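Subject: Structure for you to look at

Hello,

Here is the structure we talked about. Please open it alongside this note.

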Amino acid sequence: FGRPAGFVERQLRRWSQQWDASKTGELPALNGLRDELVRTLPPQRTAAIVHGDYRLDNTVLHPASPGRIVAVLDWEMSTLGDPFTDLGALLAFWSEEADDAVLAAARIVAPVTAAEGFPTRVQVIERYAAQTGFDVSDADWYQAFAFFKLACELVEEGVATVEDIDTVVRTTFGFRLPFFGPFAIADMAGLHTYLNCFESLQQHY
């Protein structure tokens with residue numbers, strides 16, 4: 001399974017290298033996000049088995065009790081590392097009824113979690129903290145990292161060009177935490193919110 005120590009640092013370096021190797025043009029917004037992720041990399045608080053693509057559509061729910069997960073699928077990317085990366089991935093794919101039009105346009109899976117009865121992203125984080133006892137103060141960093149990986153994957157797999165990713169990084173992530181609020185995976189909205197990220201980061205730290 002590999003070495004858990006330094007997992008996120010290696011992941012960030014790997015995806016940064018993948019982005020540099022795959023891009024067909026320059027994208028200052030995504031480069032800026034990468035640079036801020038590097039600058040603000042949180043210390044690894046624990047090590048555990050990491051799924052690598054943890055989200056609701058990779059689970060099997062109990063047929064009579066839909067809120068109960070009976071199996072988690074697609075373990076081919078599993079390893080030992082920082083479990084917060086799984087939390088970040090879950091949050092990146094988690095929709096809410098209150099999502100604005102920009103965040104709704106960013107959805108790449110059906111917004112099942114926006115239905116009545118599902119918790120919000122903040123509540124997911126709170127439940128994670130209650131179940132694990134972990135300090136979740138950096139959960140927003142891990143969600144931002146999940147979006148960065150997603151953008152790199154789109155280019156790597158030929159699903160998107162740099163121009164498409166320019167669309168992806170132009171608006172706000174939309175989650176209601178103070179850290180990377182002005183970044184986004186979204187539609188063709190303008191780049192005007194991008195530079196606000198740095199102000200948010202400065203205020204957070």
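Helices here are DSSP runs of H or I with at least four residues, numbered from the N terminus. One caution before the findings: this is a predicted model.

**Ser95 and helix H3**

Start with the loop between helix H3 (84-92) and helix H4 (101-105); Ser95 lies there. Is Ser95 buried or exposed? Ser95 is buried, because its relative accessibility is 4% and the cut-off for buried is under 20%. Look next at what surrounds Ser95. Neighbours within four places in sequence aside, Ser95 touches Arg107, Pro111, Thr113, Ala114 and Arg121.

Helix H3 itself is largely enclosed by the rest of the structure, because nine of its nine residues are buried. Among them are Phe84, Asp86, Gly88 and Leu91.

**Salt bridges**

How many salt bridges does a search of the whole structure find? The search finds nine.

- Asp20 and Arg34 meet through their side chains, at 3.7 Å from N to O. Asp20 lies in helix H1 and Arg34 in helix H2 (residues 28-39), so this pair ties together parts 14 residues apart in sequence. Asp20 is partly exposed, at 40% relative accessibility. Arg34 is buried, with a relative accessible area of 12%.
- Asp35 also forms a salt bridge with Arg34; their closest N and O atoms are 3.1 Å apart. Asp35 counts as partly exposed, at 43%.
- Arg55 pairs with Asp57 in a salt bridge, with the closest N and O atoms 3.0 Å apart. Arg55 is buried at 19% relative accessibility, whereas Asp57 is partly exposed at 43%.

Asp20, Arg34 and Asp35 are joined into one network by their salt bridges.

**Surface patch**

Which residues make the nonpolar surface patch of about 210 Å²? They are Val60, Val70 and Leu73. Val60 sits in strand E2 (residues 59-61). Val60 counts as partly exposed, because its relative accessibility is 32%.

**Gly6**

Last, the start of the chain. Gly6 is in the segment before helix H1 (7-22). Gly6 is partly exposed, with a relative accessible area of 29%. Pro43 is 37 residues away from Gly6 along the chain, yet their C-alpha atoms are separated by 8.9 Å.

Best wishes

Technical notes:
Residues numbered from 1 in each chain as written. Predicted model: local features only at pLDDT ≥ 70, side-chain atom pairs only at ≥ 80, totals over all residues. Heavy atoms only, no water. Patch = residues over 30% accessible without salt bridge, like charges linked within 9 Å, V, L, I, M, F, W, Y side chains within 5 Å. Areas by Shrake-Rupley, 256 points an atom, 1.4 Å probe, with all protein chains shown as cover. Salt bridge = Lys/Arg side-chain N within 4 Å of Asp/Glu carboxyl O. Helix = DSSP H or I, 4+ residues; strand = E, 2+ residues; numbered from the N terminus. Buried < 20%, exposed > 50% of the residue type's maximum accessible area, 1.4 Å probe, protein only. Contact = heavy atoms within 4.5 Å.
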